[in-house]
Amino acid sequence: MNPESAVALTEGLKTLLAPLDGAGHSLTSLNASEWFSRSYLQKVYGGSLTRYDLYREDLPVSEKNIVQAKSEVAEKLPLLMQGYPIQYCVGEVAFGDHSYVIQPGVLIPRPETETWFEQILEMLRNTSAPDSVLEIGTGSGVLSCELLYRFSMLKVHATDCSQSALECASLNARQHGLASRLQLILIENAQTIFPDGLGQFDWIISNPPYLAGPAEVTKGVLAFEPHEALFEKSHLEFYRAIAERGAGYLKSGGRIFLEIPHERSQEILSLFQASWKNVRVLQDLNQRDRCLMAERNSDSGSVSN
Ligand SMILES: C[S@@+](CC[C@H](N)C(=O)[O-])C[C@H]1O[C@@H](n2cnc3c(N)ncnc32)[C@H](O)[C@@H]1O
């Protein structure tokens with residue numbers, strides 16, 4: 001093996017990260033080494049690298065830089081052993097076709113979210129593009145940014161009660177050249193779901209905090225990810241508020257798309273069935289209910305703000 005190459009970096013990191021394999025969590029030395037190697041190589045070479053690039057002998061990395069990378073990763077190993085998310089270590093996460101910044105204190109976007117999001121965009125491909133979207137609980141801003149990428153005339157308002165989340169979303173929007181079409185709104189009181197003066201939108205989209213309690217997450221998630229992003233404060237609070245008042249924030253024909261907890265999907269469905277139309281639940285790759293979509297009823301009451 002060429003000792004001054006991408007493969008030497010990746011393999012060297014894998015050996016260093018071997019203790020992860022016996023640690024009883026899902027991160028293995030193989031995937032951790034690939035995360036770190038990709039992150040390192042991306043900084044040097046830019047662009048997007050394939051997995052194949054991580055194992056190339058002809059992609060030069062000096063021995064000095066390999067030693068430096070190993071020493072940085074060795075410092076992070078104890079935290080990783082405790083379940084600290086690797087995404088926070090490398091500071092980035094892939095979502096849609098892009099790479100986004102992710103920082104501690106901000107929920108790491110999940111593959112399940114990406115799945116339903118892609119599904120709805122595919123389903124709505126032949127319908128008219130939205131001009132305006134409200135995202136409730138934007139976190140790192142990945143959903144809003146991906147929408148702004150896909151619809152060039154779109155403007156998005158995105159709320160969050162976490163200052164760290166809004167800073168991360170703002171950084172992502174700026175890095176991707178989307179900031180002029182994204183208005184970020186800080187929610188001062190986490191009990192508020194629709195702040196005053198919002199106006200009306202074509203779509204409302206949200207992956208709200210919906211876990212009922214700590215038993216539903218791993219130790220690593222509980223220890224290191226923000227609780228205000230994970231746990232609801234009262235039973236189905238976001239779904240109840242959106243079912244009851246969301247229509248007031250939608251234009252005629254407006255739609256909502258919500259990530260939902262699969263084990264309570266029937267209860268959530270029944271919240272919407274009475275006063276929304278075309279209510280549908282989409283399933284994730286594990287055939288579990290994951291997204292609820294619905295349309296504003298034409299006879300829904302007037303705007304509530
Ligand atoms: C499950 S995370 C979703 C983050 C991101 N949209 C995603 O899918 O990765 C929920 C987000 O809602 C935010 N949040 C909690 N209560 C809120 C509220 N009352 N208004 C707006 N955002 C809130 C949390 O801070 C968190 O960023």
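Me: Helices here are DSSP runs of H or I with at least four residues, strands are E runs of at least two, and both are numbered from the N terminus. Which of them each supply at least two residues of the shell around the ligand?

Reply: Three do: helix H6 (142-150), strand S4 (155-160) and helix H9 (227-230). Keep in mind that this is a predicted model, where local features need pLDDT of at least 70 and side-chain atom pairs count only at pLDDT 80 or more, while totals for chains, interfaces and linings use all residues. Residue numbers start from 1 along each chain as its sequence is written.

Me: What makes a residue part of that shell?

Reply: Its C-beta atom, placed from the backbone, has to lie within 6 Å of the molecule. Around the ligand, 24 residues qualify. Pro109, Gly137, Gly139, Asn207 and Ala229 are the closest.

Me: Which residues is Gly141 in contact with, leaving aside its neighbours within four places in sequence?

Reply: Contact means C-beta atoms within 7 Å, and for Gly141 that picks out Ala158, Cys168, Ala169, Asn172 and Ala173. There's also Ser170: 29 residues along the chain from Gly141, with the two C-alpha atoms 7.6 Å apart.

Me: Now some helix packing. Why are H10 and H11 called roughly parallel?

Reply: Helix H10 (residues 237-245) and helix H11 (residues 265-273) pack at about 15°, and their axes are 9 Å apart. Under 35 degrees counts as roughly parallel (over 145 is roughly antiparallel, 65 to 115 roughly perpendicular, the rest oblique), so H10 and H11 get that label.

Me: And which residues make the contact?

Reply: From H10 you get Tyr239, Arg240 and Ala243, and they meet Ile268, Leu271 and Phe272 of H11.

Me: How do you know what to call the arrangement of H1 and H3?

Reply: Go by the angle again. The axes of helix H1 (residues 6-16) and helix H3 (residues 63-81) cross at roughly 30° and come within 10 Å. H1 and H3 are therefore roughly parallel to each other. On the H1 side, the contact uses Ala8, Leu9, Gly12, Leu13 and Leu16. H3 brings Ile66, Ala69, Lys70, Val73 and Ala74 to it.

Technical notes
Axes are lines fitted to C-alpha atoms, for helices over the stretch in contact, and angles run from 0 to 180 degrees between N-to-C directions. Two residues are in contact if their C-beta atoms, placed from the backbone, lie within 7 Å.
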